[in-house]
Amino acid sequence: MDVVAAQEPQAKIDRVDYQTDPSRYKHWKLSFDGPVATLTMDVAEDGGLRPGYKLKLNSYDLGVDIELHDALQRIRFEHPEIRSVIITSGKNRIFCSGANIYMLGLSSHAWKVNFCKFTNETRNGIEDSSVHSGLKFLAACNGTTAGGGYELALACDEIILVDDRSSAVSLPELPLLGVLPGTGGLTRVTDKRKVRRDHADMFCTNPDGVRGQRAKDWRLVDDVVKTQQFADQIKQRGRELAEKSDRPVGAKGVPLTPLKRQFDDAGLHYEFVDVQFDRESRTATISVRAPETGGPDTVTKAHAAGANWWPLQMARELDDAILSLRTNELDLGLWILKTTGNPQVVVAIDQFLLDHQNDSFVREVLGMMRRTFARLDVTARSLYSIIEPGSCFAGTLFELALASDRIYIRDTQETANAAFVMLSKMNFGALPMVNGLSRLAARFYQNAEQLEPLRARLNVKLSPREALEAGLVTAAPDDLDWEDEIRQAIEVRVAQSPDALTGLEANLRFGPGETLETRIFGRLSAWQNWIFIRPNAVGPSGALKVYGTGAPVKFNWERV
């Protein structure tokens with residue numbers, strides 16, 4: 001990852017690049033032993049993404065997590081022989097001390113929240129691969145495991161802590177910093193580990209954490225192992241987890257070649273994704289292009305196409321664009337989604353993906369698509385989809401529209417090239433949101449009377465009137481009203497409070513029913529967003545600001 005001409009974190013940040021590869025890693029070592037991969041965290045103190053802090057005690061910043069995200073992608077696609085992953089530390093007597101406190105103290109509010117969101121998504125990706133890809137993860141906590149370090153461990157299937165009479169697991173954010181565990185710590189402690197409420201209360205208010213047998217008794221870890229037996233036990237357990245995986249034996253990996261990209265003042269430009277900035281109107285228009293002709297028609301040919309196969313390349317480009325916009329373009333508050341291309345090709349690719357989803361490579365491509373579209377769902381930006389003559393909102397690409405806050409379709413009088421939407425089987429559960437529902441099911445609150453008739457209309461071009469009547473779009477202005485209605489919708493949206501819109505959108509996008517993931521992102525949007533700007537955390541004498549200085553914390557004792 002690269003930052004050009006980095007400056008102080010409170011200043012406007014320069015472009016952060018989320019693309020990297022193992023030859024450029026500063027903080028992680030990736031090794032392989034048969035079906036087991038080991039990700040060793042060995043953070044370079046002087047390797048921070050921004051100036052002004054040192055990454056001591058295996059603490060991390062955004063750059064460390066960008067490398068972790070990349071390493072996980074490499075394991076998914078390039079190493080299908082891997083069936084379990086051990087995450088451990090290269091430091092003596094310390095696993096990870098969590099997010100770097102001095103980085104957080106120096107950073108802008110937006111940087112802190114975006115950092116927390118990306119680390120959340122990376123940890124959710126670990127759990128996603130455990131559920132969908134057959135990869136099992138073991139946290140080998142060979143030393144003190146604190147804050148975000150414990151949250152990384154919580155994302156794994158199992159946690160083994162060394163029993164050396166000093167190493168503990170802890171979530172010390174509240175007592176030390178006046179904030180909360182920002183990458184899902186509280187939620188995973190209760191929802192995933194099922195730690196009893198009173199134990200969780202004691203654990204999260206004690207900066208020293210819990211060690212040894214008590215950590216196991218309280219369900220904070222799965223096992224504690226003496227130092228002398230630790231390495232052998234980890235190796236054995238890694239092998240046992242690998243035996244439970246359904247990943248294939250003998251499959252060949254697909255190299256994730258670098259994306260072809262161009263960044264300029266006008267936007268971000270890829271082969272199938274293009275982003276145009278309009279800084280005056282504070283919008284970004286994201287155009288996704290479908291191929292005009294069909295691609296591979298056999299699994300063998302799909303493997304041969306590799307990273308250049310349209311569904312994977314498109315998803316990687318869109319993912320990179322989303323992350324870049326989130327971090328580097330904070331003022332572009334409305335994203336306008338558009339598409340072009342051949343709809344019949346899209347629905348044919350959709351059918352191919354579903355027909356061959358048991359193939360290891362196809363399964364990982366679906367996973368990449370699922371995680372990429374989920375990034376849209378939890379992005380703190382307003383999303384409008386604009387469907388015009390020549391658009392290609394079909395199947396997979398209609399998921400872009402279903403992820404949007406509003407969908408506008410032009411009801412043109414030109415029937416030869418009229419706007420339309422088209423459903424495929426992909427829209428009925430293959431790419432679920434983080435709440436576990438398809439976007440169609442979420443749109444209609446799982447109402448079968450509205451959903452079931454749509455199954456009979458697969459691969460059919462639905463006109464603007466038909467799409468409106470079926471509830472698939474928000475509005476269908478005619479040619480006379482189109483320009484004015486779209487202009488007004490954009491102008492009104494960008495004039496409203498960004499903070500209130502973020503809260504509104506986070507509430508409306510997921511509706512009834514909660515999952516671990518929606519609880520994590522909901523709390524990040526509400527609790528942490530609020531706590532991060534309170535004087536008790538970031539005021540001149542707030543806990544996060546004075547940490548490590550020796551100055552006393554001064555709290556406002558009002559409970560709000």
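A: We begin with aromatic pairs: rings of Phe, Tyr and Trp (its six-membered ring) pair if their centres lie within 6.5 Å; planes under 30 degrees apart count as stacked, over 60 as edge-to-face and the rest as tilted. Ring pairs of this kind link Phe77, Trp309, Phe352 and Phe361 into a cluster. The model is predicted, so local features need pLDDT of at least 70 and side-chain atom pairs count only at pLDDT 80 or more, whereas totals for chains, interfaces and linings use all residues. Residues are numbered from 1 along each chain as its sequence is written, and side-chain values use heavy atoms, with hydrogens and water left out.

Q: How many aromatic pairs does a search of the whole structure find?

A: A pair of aromatic rings is described by the distance of the centres and the angle of the planes. Here the search of the whole structure finds 9 aromatic pairs. One of them joins tyrosine 102 and tyrosine 547, which are tilted, at 6.2 Å centre to centre and 50° between the planes. This pair links distant parts of the chain, 445 residues apart: tyrosine 102 belongs to helix 2 (residues 101-106), and tyrosine 547 to the segment after helix 22 (543-546). Helices (H or I, at least four residues) and strands (E, at least two) are DSSP runs, numbered from the N terminus.

Q: Why does tyrosine 102 count as partly exposed?

A: Buried means under 20% relative accessible area, exposed over 50%, and partly exposed in between (1.4 Å probe, protein chains only). Tyrosine 102 counts as partly exposed because its relative accessibility is 43%. Tyrosine 547, at 29%, is also partly exposed. Another aromatic pair, phenylalanine 555 with tryptophan 557, is edge-to-face, with 5.5 Å centre to centre and 80° between the planes. Phenylalanine 555 is partly exposed at 33%, while tryptophan 557 is exposed at 71%.

Q: Which ring does arginine 15 lie over?

A: A charge sits over a ring if NZ of Lys or CZ of Arg is within 6 Å of the ring centre and within 35 degrees of the ring normal. Arginine 15 lies over the face of phenylalanine 263, at 5.0 Å from the ring centre. Arginine 50 lies over the face of tryptophan 111, at 4.8 Å from the ring centre.

Q: In what order do the 6 strands of the open sheet stand?

A: Two strands pair if DSSP finds at least two bridges between them. The 6 strands stand in the order 1-2-4-7-9-12, with mixed pairing. Strand 1 (28-33) and strand 12 (223-226) are the edge strands, each pairing on one side only. From one strand to the next, the twist averages 20°. Axes are lines fitted to C-alpha atoms, for helices over the stretch in contact, and angles run from 0 to 180 degrees between N-to-C directions. Helix 1 (residues 62-78) packs on this sheet, touching strand 1, strand 2 (36-41), strand 4 (84-89) and strand 7, and its direction makes about 175° with that of strand 2. Contact means heavy atoms within 4.5 Å.

Q: Why is one side of strand 5 left without a neighbour in the sheet?

A: The sheet concerned is open and mixed, with 4 strands in the order 5-8-10-11. Strand 5 (93-96) and strand 11 (210-211) stand at its edges with a single partner strand each, so one side of each has no neighbour in the sheet. Strand 5 runs parallel to strand 8 (residues 143-146), and 3 bridges join them. Isoleucine 94 stands opposite threonine 144 in strand 8.

Q: Which residues of helix 7 are buried?

A: In helix 7 (residues 197-204), the buried residues are His199, Ala200, Phe203 and Cys204. They lie on the same side of helix 7 because they cover an arc of only 120° around the axis. The arc is that of the directions from the helix axis to the C-beta atoms. Their cover includes helix 4 (148-154), strand 10 (168-170) and helix 5 (173-177), along with helix 6 (185-192) and strand 11.

Q: What is phi of arginine 165?

A: Most residues other than glycine have a negative phi, and most peptide bonds are trans. Phi of arginine 165 is near 75°, a positive value in a residue other than glycine. Arginine 165 is found in the loop between strand 9 and strand 10, and is exposed, with a relative accessible area of 76%.
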